[in-house]
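Thanks for coming, everyone. Please take a look at the structure on the screen. I will walk you through a few parts of it.

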Amino acid sequence: MPLLEVENVVKTFRRGGGPAVRAVDDVSFSIEAGQTMTLIGESGSGKSTVARIVLGLERPDSGRVVFDGQDLTAMSPRDLRAKRSTLTAVFQEPYESLNPRMKVESIVGEPLKLFDRTLSKAARRDRVVASLEEVGLGAGILRRYPGDLSGGQQQRLGIARALILSPRLIVLDEPTSSLDLTVRATILTLLKELQLRHSLTYLFISHDIATVRYFSTNTGVMYLGRFVERGPTEEIIDDPRHPYSVALLSSTLSTDPGEMKPARPLTGDAPSPTTRFPGCPLVGRCPVQVDECATRPVPMTSITPTRSAACIRVRPGTAGPERNEAPS
Ligand SMILES: Nc1ncnc2c1ncn2[C@@H]1O[C@H](COP(=O)(O)OP(=O)(O)O)[C@@H](O)[C@H]1O
Ligand code: SF4
Ligand SMILES: [Mg+2]
């Protein structure tokens, strides 16, 4: 049984009396214990909203989040809080997610204070030190403030805090995108080591495709709140089949400035997130679209036993929308 199952989750936001933004539109995936699922997609595609729903920080309008056999979406806020001890997060901006007026000892120890009130102060400090050592920081910084630390140390602190309750699943929402390249590599290595040591399960969000390949078992590509493609990470990166994945991956993968243009770029800008599409949401931007794309709904459909895509031109078992040839 997977550790986490996200089933047909929908989340709509409405600002004032304006039109609704379908931030997450019928998203489903599951993660086996000890594995990593990655979400990729342009900014605004709904990745963080999925993460916040998994964490119980947002309630979905419909759909279920089943964690360790229990339906989180049906739980009372009190039970959900208790469950949150095994489900934690590391966010993009370490400094913003750490209270600048709290010392390191209080920051890392705070979840323990909330979830294990029986622990003495000395025992709590021991656990804090052990957690700091796990992430390569020592007891020497217990009385320091986040502002005294470098960006990399701050993110290690965020990880120490996430680890202190011995979670089973950690949501990593762009955990390294605010860091320098070299620091980024050390944090990723640390996260990988911790995963192996503690059999951690990760839901990982990243823009950095090299990292995604190194880090994750399965990947879901998101566009305007929907999954457009999902499957084993290596297959998605090496052989993307959905026209959106092809454009996204070819534009981010190339390191040769002469080749920065994707082979099959999308045209135009992303539409407003309030736009509703009776057919495929890529209509108007897709280089291989045909007339029926505008009207025919495109649910996620299996194309191999482990892969799905939402495109009427990706046929089961074939290699892409007729290998992304232009329609004849
Ligand atoms: N609290 C909110 N209120 C209104 N709109 C929101 C809120 N959170 C997210 N959105 C909207 O939902 C969409 C998805 O956002 P988000 O999940 O943050 O995407 P990503 O993490 O992929 O950049 C965006 O259009 C965003 O503006
Ligand atoms: S359904 Fe049509 S518009 Fe959508 S990605 Fe496939 S070919 Fe392009
Ligand atoms: Mg985000």
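One definition before we start. A residue counts as buried under 20% relative accessible area, and as exposed over 50%. Keep in mind that this is a predicted model.

Let's begin with helix H4. It covers residues 121-134.

Now, which residues of H4 are buried? They are Arg124, Val128, Val129, Ser131 and Leu132. Those residues take up an arc of only 160° around the axis, so they sit on the same side of H4. An α-helix has 3.6 residues a turn, so residues three or four places apart point the same way.

Turn to the face of H4 that points away from the buried side. There you find the exposed residues Ala122, Asp126 and Glu133. And what covers the buried residues? The cover includes helix H3, residues 104-115, and helix H5, residues 151-163. One more point, just past the end of H4. Gly136 has a positive phi of about 80° there.

Next, a sheet. Four strands form an open sheet, in the order S2-S1-S4-S5. The pairing is antiparallel. Which strands stand at the edges? They are S2, residues 20-31, and S5, residues 70-71. Each has a single partner strand, so one side of each has no neighbour in the sheet. Look at the S5 end. Strand S4, residues 62-67, pairs with S5 over two bridges, in the antiparallel sense. Opposite Val66 you will find Asp71 of S5.

On to strand S9, residues 218-223. Is it mostly covered or mostly open? Mostly covered: five of the six residues in S9 are buried. Let's take the strands that S9 is joined to. Strand S3, residues 36-40, runs parallel to S9, and four bridges join them. Met37 has Asn218 in S9 as its bridge partner. Strand S10, residues 226-232, runs antiparallel to S9, with six bridges between them. Here Val221 faces Glu229 in S10. S9 and S10 form a hairpin with two residues between the strands. Leu224 in that hairpin takes a positive phi near 45°.

Now a single residue, Arg184. It belongs to helix H6, residues 181-198. Why do we call Arg184 buried? Its relative accessible area is 18%, and the cut-off is under 20%. Which residues does Arg184 touch, beyond its neighbours within four places in sequence? Thr176, Ser177, Leu179 and Asp208. Leu179 also has a polar contact to show you. Its backbone oxygen is 3.3 Å from a polar side-chain atom of Arg184.

Last stop, ligand 1. How many residues surround it? The number is 13, and the closest are Gly44, Gly46, Lys47, Ser48 and Thr49. Let's go through three of these. A polar backbone atom of Gly44 is 2.6 Å from an oxygen atom of ligand 1. For Gly46, a backbone N or O atom lies 3.0 Å from a ligand 1 oxygen. Lys47 uses its side chain: a polar atom there is 2.7 Å from an oxygen atom of ligand 1.

That ends the tour. I am happy to take questions.

Methods:
Residues are numbered from 1 along each chain as its sequence is written. Chains are lettered from A and ligands numbered from 1 in the order in which they are written. This is a predicted model: local features need pLDDT of at least 70, side-chain atom pairs count only at pLDDT 80 or more; totals for chains, interfaces and linings use all residues. Side-chain values use heavy atoms; hydrogens and water are left out. The expected span of a helix is 1.5 Å times one less than its number of residues. Buried means under 20% relative accessible area, exposed over 50%, partly exposed in between (1.4 Å probe, protein chains only). The arc is that of the directions from the helix axis to the C-beta atoms. Contact means heavy atoms within 4.5 Å. Two strands pair if DSSP finds at least two bridges between them. A polar contact is a pair of N or O atoms within 3.5 Å; within protein, one must be able to donate a hydrogen and the other to accept it, and residues adjacent in sequence count only if both atoms are side-chain atoms. A residue is near a molecule or strand if one of its heavy atoms lies within 4 Å of it.
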